[in-house]
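Here is a short briefing to read alongside the model. Take a moment with the view below, and then we can walk through it together.

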Amino acid sequence: MRRIVAAGLMSGTSMDGIDAALIATDGEDVEDFGPTAFRPYSDAERAVLRAALAAATTLTDRTARPGVLAEAERIVTDAHAETVEGLLARDDVDAVRVSLVGFHGQTVFHAPARRLTVQIGDGAALAKRLGIPVVHDFRAADIAAGGQGAPLVPIFHRALVRAAGLSGDVAVVNIGGVANVTRVAADGSLIAFDTGPGNALIDDLMLERTGAAMDRDGRLSLSGKVQAQTLAELIADPWFDLKPPKSLDRDAFSRRPVARLSTADAAATLAAFTAEAIIRGIALAGGADRIVVCGGGAHNPAILRQLAVMSRADVTTADAHGWSVDFIEAQAFAYLAARNRAGLPISFPETTGCPAPMTGGVLSLP
């Protein structure tokens, strides 16, 4: 496929807002990174999305939008449209060159054991409003084929590792609401899966105890003390002993074990829980010489410190390699949209557990 400029959109399980990014790619190599934008969800919008999370647990049909789910889908679609429109209107963006949009939507429920994953957001309506083809609904085909539906970003991680010339076995760790790892072996082979909690437990703790959306800069986590007994209780969950492929919903783990702790100690212990789960995941994947961290969790020095303490690997953030800590997933969905148009696979037996490499996504034309 020829080189195109694609826009990627990501609204993660942390539900802080919408990331948008432009890249130039042929679906194989990433030739250039373009401008980025972030559109936060308002408190009112986030409240509706949280209500949608609760409502989605009762779904058996991934296309159904009863009650608050319909309102949430309208919010997600309109907010994503506004984000792209704002990005295209910028002086540093040549809007005419943007020929494709990769739209992930907002995950409100993910249960691969039930063959069910639900992302809200109307891709067809987005394409019509923007006047640009939109590739969306990336996870459904993988789930239908027997895969986990996640993670989908590993093929992009490998393209970045290759472009950066990183040697040895590299673990790219994305810490969003859920954390996942992509191990790119020295020979280029991939293995990837969710490792456990990311920021979701800490975010929910902060909202419940302080009213804040997150532990900004890990300040509270850094001020607390990790409670070893509570951490041992959290990491004893049998899910961590499962072999990949495996993926998680953001609410797969409970904050109940930290309920008796002070807020600072609870945040510190949950940060350590995220880090230890990641380290166990990397070991399960075969180990790594280098760990590169991206996603919102890369801004939490408590998590990074725990990763460094628990690991003998070189721990850096994505920014150190010229990538983007904050926009790597948005860039990835631009890349995956381009792969869709080129007929290239986005999921693999070694990443999602699908039976064979497969293309994902639905194309909606304006």
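Which residues does Asn-199 touch, not counting residues up to four places away in sequence? They are Ser-14, Ile-175, Gly-176, Gly-177, Gly-296, Gly-297 and Ile-303, where contact means heavy atoms within 4.5 Å. Please keep in mind that this is a predicted model, in which local features need pLDDT of at least 70 and side-chain atom pairs count only at pLDDT 80 or more, while totals for chains, interfaces and linings use all residues. Residues are numbered from 1 along each chain as its sequence is written, and side-chain values use heavy atoms, with hydrogens and water left out.

**The overall picture**

- The protein has eleven helices and twelve strands; helices (H or I, at least four residues) and strands (E, at least two) are DSSP runs, numbered from the N terminus.
- For 366 residues, a compact globule would have a radius of gyration near 21 Å, and the 19 Å of the protein agrees with that. The radius is taken over C-alpha atoms, and the globule rule is 2.2 Å times the number of residues to the power 0.38.
- Along the principal axes, the C-alpha atoms fill a box of roughly 55 × 50 × 40 Å.
- Of the 366 residues, 58% count as buried; buried means under 20% relative accessible area, exposed over 50%, and partly exposed in between (1.4 Å probe, protein chains only).
- Among contacts with a separation of 6 or more, 70% come from residues 24 or more positions apart.

**Asn-199 and helix α6**

- Asn-199 sits in the loop between β9 (190-197) and α6 (200-210), and its 9% relative accessibility is why it counts as buried.
- Asn-199 and Ile-303 are 104 residues apart along the chain, yet 9.7 Å separates their C-alpha atoms.
- In α6, the buried residues are Ala-200, Leu-201, Ile-202, Asp-203, Asp-204, Leu-205 and Met-206.
- The cover over those buried residues includes α1 (43-56), β9, α7 (219-223), α9 (263-285) and α10 (301-310).
- After α6 comes Gly-211, with a positive phi near 85°.

- Strand β8 (residues 178-184) runs antiparallel to β9, and seven bridges join them; two strands pair if DSSP finds at least two bridges between them.
- Ala-179 has Gly-196 in β9 as its bridge partner.
- Five residues lie between the strands of this hairpin, where Gly-188 takes a positive phi near 90°.

- Five of the five residues of strand β5 (residues 116-120) are buried, so β5 is largely enclosed by the rest of the structure.
- Leu-116, Val-118 and Ile-120 are buried on one side of β5, and Thr-117 and Gln-119 are buried on the other, leaving both faces covered.
- Strand β4 (residues 98-111) is joined to β5 by five bridges, and the two run antiparallel.
- Opposite Ile-120 in β5 stands Gln-106.
- Four residues lie between these strands, and Arg-115 has a positive phi near 55° in this hairpin.

**Val-315 in strand β11**

- Val-315 belongs to strand β11 (residues 314-317) and, at 24% relative accessibility, counts as partly exposed.
- Beyond its neighbours within four places in sequence, Val-315 is in contact with Ile-291, Val-293, Leu-307 and Ala-308.
- The C-alpha atoms of Val-315 and Val-293 are separated by 7.5 Å, with the two residues 22 apart along the chain.
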